[in-house]
Amino acid sequence: MHEQERSMYELEYPAPVVKDNSGEGKGPTMVVAMHGYADAGQAVESSADHLKAALENRQLASFNSDELIDYRSRRPAVTIDNDRALEIEPMDLGLKVLRDNSGKSFLLLSGPEPDLRWEAFTTAVVKLVEKFDIEDTIMLYAAPMPVPHTRPTVVTAHGSSSRLTEGMVSMDSTMMVPGAAALYIEKALADKGRTVAGYTAHVPHYLAASPYPQATLELLDSVAKAAQLNIPLGSIEADISRVEGQLEEQVTGSEEIESVVQQLEQQYDAFMERYRQEHPQAIMPGEEPLPSAEEISEEFEAFLASLNEEDSKGFIHTDFDDREGSVDDRDLGDDI
């Protein structure tokens, strides 16, 4: 390992097992959820926190915060009790191995976005991707947008492969945005021919400074579907109900706020209608994909298998006579 890489991060020893025994024959997925930039509604940070709290995880690599964080521009919070400093907010940036509810492993790069040495940091992350043979990388973003909280949260997707963005909403436009360390990693991996995608949750601009669990749920749900992961999301749904109640109290009774929300609803509905016409195969926010013929067949076979052998044979081999008058009144007994 080069001296520059050694100062950038340290690998755990002994290292946890990265690949599981699922037998899929490909490397794991890496989710990148660094907070600090493009984290409206704290959706990216909350996504990382939820994954680490809800799933089994082990540290794989720890980055050197002294090399990457400018403490004067992002001062950690310090808890002081009377005359003692009891706790300092951690500024840990690292790579963890997680296992979902079915035992499938994936990686999570999370923590504060680096303030310094973006190019060296990007090079280090790319080498870790190559070292551990990471198959897909999904970057998480959340942006303040002119959308209402009364409509399903939109997650737009872009990437180097349609496999990770198929069926999702895309912006279909060219735009210029401020740079971010995650975007550096995204471009570097794409230049290397790696499969990488970015998912951006659209957070109502008037809620961007507050926790918005709806965006967290949609980001993690998008990751779960794309990477075929079993991620528990029930606790986030409870947070959504609480936030929706608070919003209802704040909006109701204010004609000014209600007027703004109605205008945003009209813009949202018009955009979604245009997008549906231009992309008839896209899965719109709030909709579920229709099952394929193969999935329907598998579900039917599973249903038959759930029956006991005698019942299934009787169900399959029973002859039905649907001719008019074929029912014998005597068989109905007292029901006629």
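Which residue forms a salt bridge with Arg151, the closest N and O atoms being 3.5 Å apart? Hello everyone, the partner is Glu265. By salt bridge I mean a side-chain nitrogen of Lys or Arg within 4 Å of a carboxyl oxygen of Asp or Glu.

Some ground rules before we go on. This is a predicted model, where local features need pLDDT of at least 70 and side-chain atom pairs count only at pLDDT 80 or more, while totals for chains, interfaces and linings use all residues. Residues are numbered from 1 along each chain as its sequence is written, and side-chain values use heavy atoms, with hydrogens and water left out.

Now the overall picture. The chain has eleven helices and ten strands; these are DSSP runs, with helices being H or I of at least four residues and strands E of at least two, numbered from the N terminus. Of the 336 residues in the chain, 38% are buried. Buried here is under 20% relative accessible area, exposed is over 50%, and partly exposed is in between, with a 1.4 Å probe and protein chains only. Among contacts with a separation of 6 or more, 78% are between residues 24 or more positions apart, and a contact is heavy atoms within 4.5 Å.

Back to our opening pair. A search of the whole structure gives nine salt bridges. Glu265 sits in helix α8, residues 255-278, and Arg151 in the loop between β8 and β9, so this bridge ties together parts that are 114 residues apart in sequence. Glu265 is buried, at 17% relative accessible area, while Arg151 is partly exposed, at 25%. Arg151 also meets Asp269 in a salt bridge, 3.0 Å from N to O. Asp269 is in helix α8 too, so this second pair links parts that are 118 residues apart in sequence. Asp269 is partly exposed, with 35% relative accessibility.

Let's move to helix α5, which covers residues 181-191. Here Asp191 forms a salt bridge with Lys187, with the closest N and O atoms 2.8 Å apart. Both lie in α5, four residues apart, or about one turn of the helix. Asp191 is exposed at 55% relative accessible area, and Lys187 is exposed at 54%. As for bridges that share partners, they join Arg151, Glu265 and Asp269 into one network.

Which residues of α5 are buried? They are Ala181, Ala182, Ile185, Glu186 and Leu189. Looking down the axis of α5, these buried residues fall within an arc of 145°, so they line one face of the helix; the arc is that of the directions from the helix axis to the C-beta atoms. Lys187 and Asp191 are exposed on the other side of α5. The cover over the buried residues includes β2, β7, α4 (118-131), β8, β9 and β10. After α5 comes Gly193, with a positive phi near 85°.

One name in that buried list is a charged residue, Glu186. In the charge count, Lys and Arg are positive, Asp and Glu are negative, and His and the chain ends are not counted. Glu186 is buried yet has no salt bridge, and the nearest side chain of opposite charge, Lys187, is 11 Å away. So what does Glu186 touch, leaving aside its neighbours within four places in sequence? Its contacts are Met139, Tyr141, His158, Val196 and Gly198.

Next, the nonpolar interior. A nonpolar core is a set of buried Ala, Val, Leu, Ile, Met, Phe, Trp, Tyr and Cys residues joined through side-chain atoms within 4.5 Å. The largest one has 38 residues, and Leu51, Leu140 and Tyr199 touch the most other members. Elements that each supply at least two residues include β2 (29-35), β8 (136-145) and β10 (195-204). Helix α6 gives the largest share, seven residues. Apart from this core lies another, of 31 residues, among them Val97, Phe132, Ile134 and Ile185.

Last stop, helix α2. This helix has twelve residues and reaches 16 Å from its first C-alpha to its last, close to the 16 Å expected at 1.5 Å a residue; the expected span is 1.5 Å times one less than the number of residues. Ala43, Val44, Ser47, Ala48, His50 and Leu51 are buried in α2. Down the axis of α2, the buried residues fall within an arc of 160°, so they line one face. They pack against β2, β6 (94-99), β7, β8, α6 and α7.
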